[in-house]
Structures are given as C-alpha cells and as structure tokens.
Amino acid sequence: MTTPDRLEGSLQHVGLLYRDDDEYAEGCGAFLDRALAVGGPVLVAVPGRGGEVIRALVGGRSSAVTFVDMAVAGRNPGRIIPGLLLPFLRDHTGHPAWIVAEPLWKGRGDMEYAACAAQEALINVALAGDEATVLCPYDASRLHTQAVVDAHRTHPVMRDTAGTRDSPAYTDPLETAAAFDVPLPRPPSGAATCCFDGVRALPSVRDFAGARAAEAGLAPLRVSELAIAVNELATNTVEHTRGPGRLTVWTEHDVFVCQIDDTGRIRDPLAGLVPPPDTATHGRGLVVVHELADLVRLHRHASGTSVRVHFDLPRGRAGD
Amino acid sequence: MDGALLGRLDLGDHVCRLYRDDEQRLATVAGFVEAGVGSGHQVAYFSVERPETVLEQLGSRGVDGRALIERGGLRVTSAQDSYLASGAFHPEAVMSAWRRAIADARDCGYAGLWAMGDMAWAATKIAGADRLRWYEAEVNRVFTGEHALALCLYDERSFPADELDRIAAAHPGTLEPGDGPGWRPLLRMRRTVDPPGLKLTGEADASNRDALAATLDGLRDDLPRTGAPATLDLTDLRFADAAVARLLIRAARTFPAGMRIAGCSPWIARLLTLLGGDQIPGVDAAEARETTA
C-alpha cells in the first residue's frame, strides 16, 4: 500500500528507517526529488555527515535548499519545533514545505533521548495545521531498538526500502508525549541548593547560579545566558505558583546542570514549544530557555514540576 | 545604618522602602532627612502623623527638624491635610503637585528635591486607593528626570504579600527590612537629554518590570519632540529577562521617531534577537549569533 506524500492543507509526518548511507541517500533522495520538482520550500536539518550525503545528492540544485546542522540547531531537542520548524514554516507561509529533520543520532545521551522522542510526538500537534511534509530519518542499524520502536509511535506513516505504510503503533500524540515524561535521575547528594520565594528573590537566584557556573568553567557569555534561563524558570515559579521554589546546581560529565523544582503545574503540553503571538509581552520564558540551554527536560509529577537545564562546559574544564 | 545607605540614593531614584516596625520606619525617615538636607537638597516628607509628631520623632533621633524647616531645607506635610484632603486619592493631582514641588525646590536654589511619602493610608479603604499601583508606576516618569528622587514607605504588616509584590514592582528598586549595608536600587532609570532617551543601570526583572514599562510608555510624552530617534542606553544594564526585552522591543517599535540602542552587549543582543528585536538599530544580531556559536 502506498500513501501519498501529502494531503492538502495538512501535516505529513513520515519516519524513514535506513541502515546505511545508500538507503539514506535513496530515501532522502526520492523525497527531495519530489520536493524540488514541485518547487516547494525545502529545509534539510540533519546532523554532521548526513548533510554532506544530501548535499551530494542535491548537487547543483542546492541553492533551492536550506541546510541546517541539526547537531547545532537541534543540540537541545526542545528548540527543533520553536527554533527551527515553525520559523521555517512562517517564512514560507502559503507554500507547502518539505522538511528532512533527523533529530536522533548515535551519541545522543539518554537524557536527550526522552526529549527527542517527545518532540517527535509533539510535531504532530504543533504543526497539525501546517501544509508541510516532514521526513525523519532513523538510523536503524546504529540507534538502539527502542528508538525504532518509538519512531513507529510518533510517526503516523513509516517508510523503508520495502515501501511506505501507515504505522499501527501511532496513537494520540499528546498521550505518547506524556509517556516520554519520565522521572529525572536524582541530583547528586552534594549538589548546591538555593530556595527562593517571591519575585524579589530573583536577583539572588541569578547570582547563585551564575557564580557556580563561572566556577565550573562556563564562559562568561554562557554564564549570562544561563542566568537568563534560570531566571525565566524561577520567574515562572514565583509568578505562577503559590509555593516556594528550589534551585539545585551541579556539574556532571562536562555539563553544568540546573534544576528548578516547584509546586506548579504546566498544563499546556506545548508550553515553550510554540511562541505566543508577536503582540504578547509574556509567555516567552520557556521558549527562551529552550533557545539558550543545551538540553531542557521538563518533568510533571504528582507534587509539581521539575525543569532541568544543561549547559555544556568547554571540554576538559569540568569540575568532576 | 539607614543614613549611610540612604546617602547612596541619587537623583532619579524611586525606591520602595518596606519596613516591619516603627523603629525601622523612624530610622529611615531620620536618615532620609539627614542625607537629603546634608547633600544640598530640599526634603519634602508627606507623613501620616501630624507634622508636630514627626518633628518630635526626628528630635528623638537627634535631627532638629524645626531648625531645618525654618531654614527651608525641610517641608513636612500631613497627607490628610494635603493630597488626601478631599477624602480621596487623585493620582494625577499628586503627580502635578510633585512637579510643582520639584520646580519650587529648584527655584529656591536647591540641587533638587528628595521626596518621601508614608503610604500607610493606602491600606485603608480611602477612595482611589485602588489606583495606587498605577500611580506608583506612572510617577516614575516624574522622578526619572534629573532633579528629584523619591522614597515610599510601606508597612509590610499592612498589605498581603502578593499585593506588596505588585506595589514594589512599580518601583525600580525596593529596600527590604533584611537588606544589608551594600544595598543599592536594583535598577536605575534616567532620562537623558543629549542624546534624548533613557539610560538603564542595574537589573530589570519581574520585581521592577512595571516601573520600567510605565517609564518606557511615557517616553513619547516625556522626551523633547526633536523628530530624532530616542536612544536607549543599555551600557550599564547588567540583566534583563525575556518580558523586559519584549518591553524594550515594543518601545522601539512604537516610539514615533523610532529608537536606537546604545551599549548593546552580546547577551542582550542575543536576547533581543531571540525575541524579534534584531531590526532595532544598535542590536548587532550577527554578533549575537557568532558569540554563542
């Protein structure tokens, strides 16, 4: 059975399983041939070497394609939707878009995996009203098997060398995304903490996080950006919850980690993934956090919300 | 402690002083009078008590208020006899009165006016008290000039915590009971003449954002109409959150002759660029990207 690449006025979100460079080239090549034949706007966001393979495929037609290194633009999986896909669609409003987006590669850590999988599920919701075809290549020979299983849960349509078919494992994407909201590992017992309550505690929260990040070796500009990110999370706590919040910071594996725990509930599953209208002053805090951090993990649990953000340290400078 | 700390106030400041007992309030009142008069400014205190009571209290702290009044350096007026005399709070009338008082102090040869108000009445049911937060935000436009500063006294026992947070957020800086001798206002806002604009020093976040919002909104009326773009000087701005950055972007977009940013450091360029402000003159988006790559 074959499924058309696009239906009028709706999102097509297709998972592509490949096992080697040839299958990668074949799957992506067929997709791009069709995209370039109809002249739609084309975005290729894949990590590292995949970009070279696709550039070679596209050849002289590459001026019609926007290339982005997913390892940089999607370093934090949480900015794939708000920082990459939605801006591309807004820039080409009225023209059906063709996008190759490869969010996962061997070397992505376990902490990143759940965020990647949740993004894949939420693409179905955030882009539901967009005229776009999104092809997500998955390296079936090198990724762990669960990643391939999950790709079937997050993509309504799957493709491999045998053909294209609907995915029976694909169900309500919001429920699927919620299933990836797994508990975070405990912070190390020696981690430094700072409790805060009320808006006037914000400067001390920033100072606490900034001073420890600088000690851990984060570069000055990144320290400023970390202060912005932590402040946005703490601002959400003091403005939208009734109780106090707790900031915990530590260093692990060349990463400076900050976690904010509070008693609040973030009800919108797309919070931080879809920017509010241009006229709104508020509502951009989480979007900014996603842009600045190297990873954002948000965990909703019975007694509140935990948000963990990672800032990569320059290699060899970590304190642990 | 209050004397040295209050001596660090500067023309243009508008500070919310939260106190938790009368001892603290009296120390602030006496310290403010001493620091203001001592630096060549006229001090105007709008009290809740009768002026005679205020003078006694100053006397108990070693400040000869009567002599200061005779020499003209101090004016003590009870709120009930002045701006609340009608039985209601009229913010516009109070702001006009501040402008006149500032002009009077200048006419009398003082370097400027140090204004202090005991806001204890605001916790009562007086008509117009519901406009207090609007007033406190709007009055920043009076004090961000170069000839006056203001300190507002709030009894933290008289207001619910969230109400106090919102009142404090209408002030660029808040002095709390537990603050140490190193305290200074979190944010300082100064209207500038050459070039016409606004200079921000310090940090802007949810704790003082309303003060900044009202000041930015008022700029189109408060700056001379030169037809030139206004200059937002961020050289000494050490922190801004996303909502503040959006306020700056909105101001730049809506100011009649446009706005340019001076002293845009890489972190604020990055924040403004992320939030749609990359078109504002002075925001170097390329640099913002490069420095974080």
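Me: Contact means heavy atoms within 4.5 Å. With that cut-off in mind, which residues does Ser141(A) touch, not counting residues up to four places away in sequence?

Reply: In this predicted model, Ser141(A) touches Tyr18(A) and Arg19(A) once residues up to four places away in sequence are set aside.

Me: What makes the approach of the Ser141(A) side chain to the backbone oxygen of Arg19(A) a polar contact?

Reply: The side chain of Ser141(A) reaches the backbone oxygen of Arg19(A) at 3.1 Å, and because a polar contact is a pair of N or O atoms within 3.5 Å, one able to donate a hydrogen and the other to accept it, the pair qualifies. The side chain of Ser141(A) also makes a polar contact with the side chain of Asp139(A), at 2.9 Å.

Me: Why is Ser141(A) called partly exposed?

Reply: Ser141(A) lies in the loop of chain A between strand S5 (132–139) and helix H6 (145–154). Its relative accessible area is 45%, and since buried means under 20% and exposed over 50%, with partly exposed in between, Ser141(A) is partly exposed.

Me: Why does Arg141(B) count as buried?

Reply: Arg141(B), which has its place in helix H7 (residues 140–143) of chain B, has 14% relative accessibility and therefore counts as buried, the cut-off being under 20%. Leaving aside neighbours within four places in sequence, Arg141(B) is in contact with Arg99(B), Arg191(B), Ala214(B), Thr215(B), Gly218(B), Asp221(B) and Asp222(B). With Asp222(B) in particular, a polar contact of 2.7 Å joins the two side chains.

Me: How do you know that Cys28(A) is buried?

Reply: The relative accessible area of Cys28(A), in helix H1 (residues 21–38) of chain A, is 0%, so by the criterion of under 20% the residue is buried. Apart from neighbours within four places in sequence, Cys28(A) is in contact with Leu16(A), Ile54(A), Val100(A), Leu135(A) and Pro137(A).

Me: What makes the phi angles of His253(A) and Asp254(A) worth a remark?

Reply: Most residues other than glycine have a negative phi. His253(A), however, has a positive phi near 45° without being a glycine, and Asp254(A), also not a glycine, has a positive phi of about 60°. Both His253(A) and Asp254(A) belong to the loop of chain A between strand S9 (245–252) and strand S10 (255–262). At 67% relative accessibility His253(A) counts as exposed, whereas Asp254(A), at 23%, counts as partly exposed.

Me: Why is the peptide bond from Asp194(B) to Pro195(B) called cis?

Reply: Omega of the bond from Asp194(B) to Pro195(B) is near 0°, and the bond is cis. Most peptide bonds are trans. Pro195(B) is found in the loop between strand S7 (187–192) and strand S8 (197–204) of chain B.

Me: How do you know that the length of helix H10 (residues 242–254) of chain B agrees with its number of residues?

Reply: At 1.5 Å a residue, the 13 residues of H10(B) should span 18 Å, and the end C-alpha atoms are 18 Å apart, so the two agree. Ten of the 13 residues are buried, so H10(B) is largely enclosed by the rest of the structure; among the buried residues are Val244(B), Leu247(B), Leu248(B) and Ile249(B).

Me: What caps the N-terminal end of H10(B)?

Reply: Asp241(B) does, with a side-chain oxygen 3.1 Å from the backbone nitrogen of Ala243(B).

Me: How do helix H8 (residues 202–216) and helix H9 (residues 220–240) of chain A meet, and what are the values of their approach and crossing?

Reply: The axes of H8(A) and H9(A) come within 9 Å and cross at roughly 145°, and the crossing is right-handed. On the side of H8(A) the contact includes Leu202(A), Val205(A) and Ala209(A), and on the side of H9(A) it includes Val223(A), Leu226(A) and Val230(A). The residues of this contact divide into eleven nonpolar, three polar and one charged.

Me: What do the buried residues of H8(A) pack against?

Reply: They pack against strand S8 (192–196), H9, S9 and S10 of chain A, together with S8 and strand S9 (230–240) of chain B. The buried residues of H8(A) include Pro203(A), Phe208(A) and Ala216(A). H8(A) is followed by Gly217(A), whose phi is positive, near 105°.

Notes: Residues numbered from 1 in each chain as written. Chains lettered and ligands numbered in written order. Predicted model: local features only at pLDDT ≥ 70, side-chain atom pairs only at ≥ 80, totals over all residues. Heavy atoms only, no water. Axes fitted to C-alpha atoms, helices over the stretch in contact; angles between N-to-C directions. Helix = DSSP H or I, 4+ residues; strand = E, 2+ residues; numbered from the N terminus. Left-handed = near helix turned anticlockwise from the far one by under 90°. Nonpolar A, V, L, I, M, F, W, Y, C, P; charged D, E, K, R; others polar. Expected span 1.5 Å × (residues − 1). Buried < 20%, exposed > 50% of the residue type's maximum accessible area, 1.4 Å probe, protein only.
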